[in-house]
Structures are given as C-alpha cells and as structure tokens.
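Subject: Structure handover: salt bridges

Hi,

Here is the structure for you to look through. Please open it beside this email, and my notes follow below.

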Amino acid sequence: MAAADSPSAALRRRDLCSRGIRLAGKMRSDVIDLLDTYVERQGLDASASVAAVEGVPVAAVERWDEQTGTQRLLENLAAYRAFRVLLAQMLEEHREQLGEADTTLGRALAAVLLQVSAFAYHLEELLRLESRGPPSEEGAAPPPAPQLGLFERKLRGLGVLRELAQWAVRSARDLRQLAKPSPGSSSAPSWAESP
C-alpha cells in the first residue's frame with residue numbers, strides 16, 4: 001500500500017479522478033440525449049413510471065458519506081459492469097426488433113455502451129492504483145435477458161437508461177470525494193478510511 005500513498009500515486013489518483021469526473025459528465029449528457037431519443041423512437045411517455053428493474057443497480061445509497069473510497073469504487077464498478085450487460089441486451093433487442101431501420105437509436109445505444117465499458121475500465125485503473133485490483137468478472141455470468149413482451153422491454157430499457165443517468169451523477173460525486181485531500185494533509189485520502 002506504500003506505493004499507493006506516494007506523492008506520484010496521489011497525483012495519478014487525482015488525475016484519474018478528474019478524468020473520470022469528465023467522463024461521467026459526458027456520459028450523463030449522452031444518456032440524457034439517448035433517453036430523449038429512446039422515448040421518442042419507442043413511442044413512450046417521458047413521464048412514464050417504471051418500477052424497479054431486475055438486474056439494474058440502484059444509484060441511491062443510504063449513508064453515502066460513511067462509505068470508504070474502496071467501497072465507492074467497487075459499487076461503481078459493479079454497477080457499470082451490470083449496465084454493460086444490460087445495454088448490450090438492449091442493443092441486441094433493438095437490432096432484432098428493427099434491424100437497420102432505426103440506425104439513430106442503435107448508434108446512440110452503441111455509443112453509450114462504449115462509454116460505459118470505458119468508464120468501467122477507468123474504475124479498474126483506479127482500483128489497480130490502490131494496489132487492490134478490480135474483482136474478477138469470472139463466475140459472474142450475466143443473467144439471461146428476461147422474456148418480456150415488446151412494451152415491457154421498452155419500459156425496462158427506459159428504466160435502465162434512467163438509472164444509468166443517476167449513476168453518472170453518483171459516480172462524479174464519488175470521484176470528487178476520492179479526489180479530495182485528507183484533512184491536515186496535502187496528499188489524497190486514504191482509500192481504506194472513511195472520508
């Protein structure tokens with residue numbers, strides 16, 4: 001852990017957090033645009049109420065301020081890995097449903113999927129810097145896509161995108177917290193301690 005506490009590691013951590021905050025902001029902006037396109041192309045009402053969707057991680061957390069840096073990173077990583085699977089399922093369903101008829105929505109879904117994958121990799125880099133390394137994805141086989149009707153799939157997709165937008169906000173907040181220097185120190189916070 002000594003390497004993770006060195007001044008160069010602290011600078012690298014702050015740099016990765018800053019870049020992550022920018023990536024999360026861009027991703028949120030793109031997800032909001034995608035939500036607008038998705039609602040329009042799927043013929044949904046933007047104010048439609050969507051129940052909790054199975055397999056979709058929830059961004060809201062109790063006692064957020066009591067989480068350690070490692071807990072924040074691990075929860076973010078687990079969420080983005082889940083979103084990568086969910087968005088891939090949505091993209092596949094979209095292609096099966098419309099083929100190449102609606103390339104705008106397909107391209108937007110693929111672009112956000114790429115951003116989610118890149119952000120997951122970014123989080124893995126932060127965990128490696130901590131000398132912890134990301135947890136393995138082995139054995140974490142994605143759940144099979146539920147057999148839903150067309151309308152239910154559309155609502156599920158809406159729920160996935162809404163929650164992804166919330167995660168982008170939470171991720172930026174988490175990374176800002178991780179980038180803060182420790183009280184009484186000019187270095188970055190200890191990842192194992194509560195902020």
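One definition before we start. A salt bridge here is a side-chain nitrogen of Lys or Arg within 4 Å of a carboxyl oxygen of Asp or Glu. Keep in mind that the model is predicted.

Searching the whole structure gives 8 salt bridges. Here are some of them.

Start with D174 and R72. Their side chains form a salt bridge, with N to O at 3.3 Å. D174 lies in helix α5 (residues 150–179) and R72 in helix α3 (residues 69–98), so this pair ties together parts that are 102 residues apart in sequence. Is this pair buried or exposed? Both D174 and R72 are buried. For D174, the relative accessible area is 1%.

D174 has another partner. Its side chain also meets that of R170 in a salt bridge, at 3.1 Å from N to O. Both residues sit in helix α5, 4 residues apart, which is about one turn of the helix. R170 is buried too, with a relative accessible area of 6%.

These contacts belong to a network. Which residues does it link? Salt bridges connect R72, E75, R170 and D174.

Now look at helix α4 (residues 103–129), which holds both R128 and E125. Their side chains meet in a salt bridge of 3.0 Å, N to O. The two are 3 residues apart, about one turn of the helix. R128 has a relative accessibility of 38%, so it counts as partly exposed. The cut-offs behind that are under 20% for buried and over 50% for exposed.

Best wishes

Conventions:
Residues numbered from 1 in each chain as written. Predicted model: local features only at pLDDT ≥ 70, side-chain atom pairs only at ≥ 80, totals over all residues. Heavy atoms only, no water. Buried < 20%, exposed > 50% of the residue type's maximum accessible area, 1.4 Å probe, protein only.
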